[in-house]
Amino acid sequence: MSKQETRSPLPGIFYRKATPDSPPYKNDGDAVAAGDTIGLIEVMKSFHEVKAEVSGSAIRFVVDNEDAVMAGDVLAEIEG
Amino acid sequence: MTIRSVLVANRGEIAVRIIRAAKALGLRTIQVYSAADADSLAVRLADEAVAIGPAAAKKSYLNIEAIIEAAQKTKAEAVHPGYGFLAENADFADAVVAAGLRFVGPSGASIRLLGDKVAAREAARKAGVPTVPGSDGRVADANAAAAIARGIGFPVMIKAAAGGGGRGIRIIQDAAEFERQFPQASAEAAAAFGDGGLYVEKVIAKARHIEVQILGDGRNFVHCFERECSLQRRRQKVWEEAPAFRLPQAIREKLCASAVALARSVGYVGAGTVEYLYDEQAQDFYFIEVNTRIQVEHPVTEMITGIDLVQEMLKIAGGDPLSVRQEDVAIAGHAIECRINAEDPFKDFQPWPGTVERLVVPDGRHVRFDTMLFEGYAVPPFYDSLLGKLVVHGDTREQCLSRLSDALAGLEIGGIPTTVPLHRALAADPDVATGNVHTRFLEKWLETGLAATSGEKEVAL
């Protein structure tokens with residue numbers, strides 16, 4: 001089984017849901033399609049969606065909700 | 001003053017500003033910082049610094065427990081919250097006091113009252129301050145709201161009762177749109193602010209934003225005249241002036257007196273700002289809200305009155321009575337502040353963290369640059385984009401604008417894009433020079449004004 005890493009395109013704060021009261025975009029183990037939004041990066045109060053680059057049978061997040069990330073950090077792994 | 005130390009519960013340029021004011025008063029300064037700010041100027045300048053958590057503000061600058069613990073550990077006697085973060089959090093003010101410390105600002109009860117839009121509007125009305133025609137308080141439901149909107153006449157605004165700083169506001173053009181948007185606005189307010197309460201207000205066309213600086217010690221209350229903050233983008237102030245231009249003296253007196261009346265009616269303690277919309281044609285002003293903290297743009301008031309507002313806040317928190325009487329406060333000349341942000345004005349104001357490779361700051365008697373920058377400083381991506389505030393004084397507005405152009409030409413921040421080019425263009429704009437502006441002026445101007453002056457840039461707006 002192949003594993004693809006999804007990396008943060010920007011430095012900032014990573015969010016797994018659209019608003020504090022929303023459900024997460026994806027839960028660990030969810031299937032994903034390329035182009036699905038998997039989280040948000042907040043850079044100086046402006047929000048950018050992070051999209052999956054590949055499709056896969058299961059996603060596993062390696063960064064927690066509201067953690068600080070640098071550009072290039074691995075956010076999640078997607079199993080093919 | 002009964003306090004000898006103050007903890008700064010903030011970061012960036014305002015933390016530096018507070019430390020300098022506190023040191024000038026002989027106070028010991030304690031700076032709290034997140035993991036992303038260990039290398040900050042505020043940490044370097046403070047007498048002591050305490051790490052309070054990771055980079056995310058929620059886990060550091062918004063962490064009430066960690067901040068109180070830092071204050072107790074360092075035996076701080078007062079806490080200055082700056083602006084943003086916990087500055088208008090009534091629970092924080094209460095927690096600081098409950099821990100036996102002084103909160104540099106009003107009581108939790110005052111923050112709670114004035115922070116609720118509806119309660120604040122009611123307090124303003126009772127104090128005789130004109131309010132914008134609209135629902136007197138929260139609207140009960142969509143039908144009642146629609147009836148009020150029809151009564152006022154479209155366009156109207158739907159505002160979240162718990163919103164602020166330009167957030168939670170929608171402008172509605174007609175009844176059909178109102179019906180569509182109202183339930184969405186309520187759901188969004190509930191999600192964003194934990195309170196779905198809404199109210200409805202008339203939209204004042206071509207309004208100017210004018211605000212009055214107040215100071216109170218619980219017994220005496222003064223105003224330090226007004227600021228003009230009409231140049232805004234997405235409801236965020238970009239450029240501020242003091243005093244407001246073309247404001248008839250009789251209106252100025254009424255406006256400032258109304259702010260003092262409101263401060264007195266709630267027994268205000270500390271520095272605060274009463275914000276108004278000004279309808280220049282009708283010469284009417286209307287209350288918007290009260291900010292129960294120091295504001296970003298406070299330096300323009302300091303430049304024209306000579307009052308150090310941050311020192312005054314610290315003295316009040318230390319138990320001193322106000323050091324100025326109303327008759328001592330006078331306007332001398334004119335001041336303008338430009339907010340320098342880490343944003344690229346040629347790329348839709350995309351925020352851009354990075355390292356400051358080169359920093360050249362203009363100086364002189366009439367120029368002030370409040371900043372946390374130094375050469376080699378890496379601007380973190382986790383907080384707002386404000387890098388500094390260039391503030392210039394002149395005997396007249398004309399002289400002030402001319403000095404501002406010189407100062408902007410002498411300001412160089414290398415390594416990251418900033419809004420300096422925007423301010424250079426604004427300082428040269430004929431409408432800005434005549435003061436022919438209102439709160440929607442800048443967004444329209446940006447569609448053409450900046451691109452026209454960006455000949456040397458390869459990217460158009």
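## Salt bridges and polar contacts

Across the interface of chain B and chain A, two salt bridges are found by the rule applied to this structure, which is a predicted model. In one of the salt bridges, Glu66(A) is joined to Lys58(B), with the closest N and O atoms 3.2 Å apart. Across the interface of chain B and chain A there are also three residue pairs in polar contact, both residues being at pLDDT 80 or more.

On the side of chain B that touches chain A, helix 8 (175-193) and strand 16 (350-351) each contribute at least two residues. Sorted by class, this side of chain B comprises 13 nonpolar, two polar and three charged residues.

## Extent of the interface

The contact draws 16 residues from chain A and 18 residues from chain B, and the two chains bury about 1300 Å² between them, with 65% of that area lying on carbon and sulfur atoms. Within chain B, the residues that lose the most area to chain A are Pro351(B), Pro381(B) and Phe382(B), which together account for 37% of what that side buries.

## A four-stranded sheet in chain A

Chain A holds an open sheet of four strands in the order 4-3-2-6, paired in antiparallel fashion. Because strand 4 (46-51) and strand 6 (67-69) of chain A stand at the edges and have a single partner strand each, one side of each is left without a neighbour in the sheet. From one strand to the next, the twist averages 35°.

Strand 2 (residues 12-15) of chain A runs antiparallel to strand 6 of chain A and is joined to that strand by three bridges; Phe14(A) stands opposite Asp67(A), a residue of strand 6 of chain A.

Note on methods: Residues are numbered from 1 along each chain as its sequence is written. Chains are lettered from A and ligands numbered from 1 in the order in which they are written. This is a predicted model: local features need pLDDT of at least 70, side-chain atom pairs count only at pLDDT 80 or more; totals for chains, interfaces and linings use all residues. Side-chain values use heavy atoms; hydrogens and water are left out. Two strands pair if DSSP finds at least two bridges between them. Axes are lines fitted to C-alpha atoms, for helices over the stretch in contact, and angles run from 0 to 180 degrees between N-to-C directions. Contact means heavy atoms within 4.5 Å. Buried area is the accessible area (1.4 Å probe) that two parts lose on being put together, summed over both. A salt bridge is a side-chain nitrogen of Lys or Arg within 4 Å of a carboxyl oxygen of Asp or Glu. A polar contact is a pair of N or O atoms within 3.5 Å; within protein, one must be able to donate a hydrogen and the other to accept it, and residues adjacent in sequence count only if both atoms are side-chain atoms. Ala, Val, Leu, Ile, Met, Phe, Trp, Tyr, Cys and Pro count as nonpolar, Asp, Glu, Lys and Arg as charged, and the others, Gly among them, as polar.
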